[in-house]
Amino acid sequence: MTYSEPARTTARRIPRILVAGLLLVFAAIVAALGSQLLASSSSRADLPIVLRGEHRGLRSEHRGLRSEHRGALGEADGAVPEGATVFNDEIPGVANLDPDLVGALRQAATDAADEGVETFVNSGWRSPEYQNQLLHEAVSEYGSEEEAARWVATAETSAHVSGDAVDIEHSDATAWLSEHGARYGLCQIYINEPWHYELRPQAIDHGCPPMYADPTHDPRMQQ
Ligand SMILES: [Zn+2]
């Protein structure tokens with residue numbers, strides 16, 4: 001607004017405009033206060049929703065608990081930070097894998113990178129405590145031990161705990177491995193886990209063995 005020309009004809013209107021402007025400002029203040037009050041009064045109600053959201057994230061989290069998972073076991077137990085690769089020796093989840101598996105993974109990751117495909121590690125070696133925690137979380141996520149067993153093994157049976165399995169990210173990397181992995185001896189083991197790879201050296205000459213529908217069909221899991 002400009003008052004450079006306080007013409008007689010507009011002189012009467014200006015106060016009205018001012019009043020209208022003040023009303024707007026007042027309305028804005030009331031609205032701001034109102035939303036603040038609303039925010040503070042509803043923050044309590046929001047909390048369970050936030051927690052539920054985190055819980056829902058477990059479905060993907062269970063493959064490799066992220067370090068953001070507050071109160072969870074850390075990297076020393078096999079949690080792998082975002083963006084880790086098979087070349088990250090300093091990460092126990094990678095360093096404690098079977099050396100032959102790591103060697104095959106590095107060859108494959110190098111060749112995949114040549115084709116523009118980046119290979120990340122979502123999870124590798126896990127301590128028994130970490131595996132048990134994942135299983136525990138999977139049971140509450142999936143609602144029963146039977147259903148959880150389709151996705152997470154016990155510490156006694158998990159190929160992750162023995163250092164013989166790796167979960168790969170992302171989908172283009174798993175797609176690359178499903179096409180080329182056998183030539184490195186890297187095989188998908190379970191149909192329901194396209195990210196889970198183990199070393200099957202005989203695959204280099206004979207191709208990967210038939211997959212199990214899910215871990216419950218794997219004789220190694222029948223202990
Ligand atoms: Zn796995």
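Buried residues are those under 20% relative accessible area, exposed residues are over 50%, and partly exposed residues lie in between (1.4 Å probe, protein chains only). The model is predicted: local features need pLDDT of at least 70 and side-chain atom pairs count only at pLDDT 80 or more, while totals for chains, interfaces and linings use all residues. Residues are numbered from 1 along each chain as its sequence is written, and side-chain values use heavy atoms, with hydrogens and water left out.

The protein has 223 residues, and 39% of them count as buried. It holds nine helices and four strands. Helices (H or I, at least four residues) and strands (E, at least two) are DSSP runs, numbered from the N terminus. Along the sequence, their order is α-α-α-α-α-β-α-α-β-α-β-β-α. Contact means heavy atoms within 4.5 Å. Among contacts with a separation of 6 or more, 59% come from residues 24 or more positions apart.

Helix 5 was examined in detail. This helix has 16 residues. From first C-alpha to last, helix 5 reaches 23 Å, close to the 22 Å expected at 1.5 Å a residue. The expected span is 1.5 Å times one less than the number of residues. Leu101, Val102, Ala104, Leu105, Ala108, Ala109 and Ala112 are buried in helix 5. They lie on the same side of the helix, because they cover an arc of only 160 degrees around the axis. The arc is that of the directions from the helix axis to the C-beta atoms. An α-helix has 3.6 residues a turn, so residues three or four places apart point the same way. Pro99, Asp100, Gln107 and Asp114 are exposed on the other side of helix 5. The buried residues of helix 5 pack against helix 4 (92-95), strand 2, helix 8, strand 3 and strand 4. Just after helix 5, glycine 116 takes a positive phi of about 85 degrees.

A nonpolar core is a set of buried Ala, Val, Leu, Ile, Met, Phe, Trp, Tyr and Cys residues joined through side-chain atoms within 4.5 Å. The largest such core has 25 residues. Leu105, Val166, Ile168, Trp176, Leu177 and Leu186 touch the most other members. Two or more residues each come from helix 5 (99-114), strand 2 (165-169), helix 8 (171-180) and strand 4 (196-199). Helix 5 gives the largest share, seven residues. Apart from this core lies another, of eight residues, among them Ala79, Leu134, Tyr142 and Val152. Beyond its neighbours within four places in sequence, leucine 186 is in contact with Leu101, Ala104, Leu105, Ala108, Leu177, Gly181, Tyr197, Glu198, Leu199 and Cys208.

Helix 6 (residues 128-142) has 15 residues and should span 21 Å at 1.5 Å a residue. Its end C-alpha atoms are 21 Å apart, which agrees. Buried in helix 6 are Tyr130, Gln131, Gln133, Leu134, Leu135, Glu137, Ala138, Glu141 and Tyr142.

Histidine 160 and aspartate 167 are both buried. Elsewhere, a cis peptide bond joins glutamate 169 and histidine 170, with omega about -10 degrees. Histidine 170 is found in the loop between strand 2 and helix 8.

The structure holds one disulfide, defined as a pair of cysteine sulfur atoms within 2.5 Å. Cysteine 187 and cysteine 208 form it, with sulfur atoms 2.0 Å apart. Their link is left-handed, with -90 degrees about the S-S bond. The pair joins distant parts of the chain, 21 residues apart. Cysteine 187 lies in strand 3 (residues 186-188), and cysteine 208 in the segment after helix 9 (203-206). Cysteine 187 counts as buried, at 0% relative accessibility. Cysteine 208 counts as partly exposed, at 34%.
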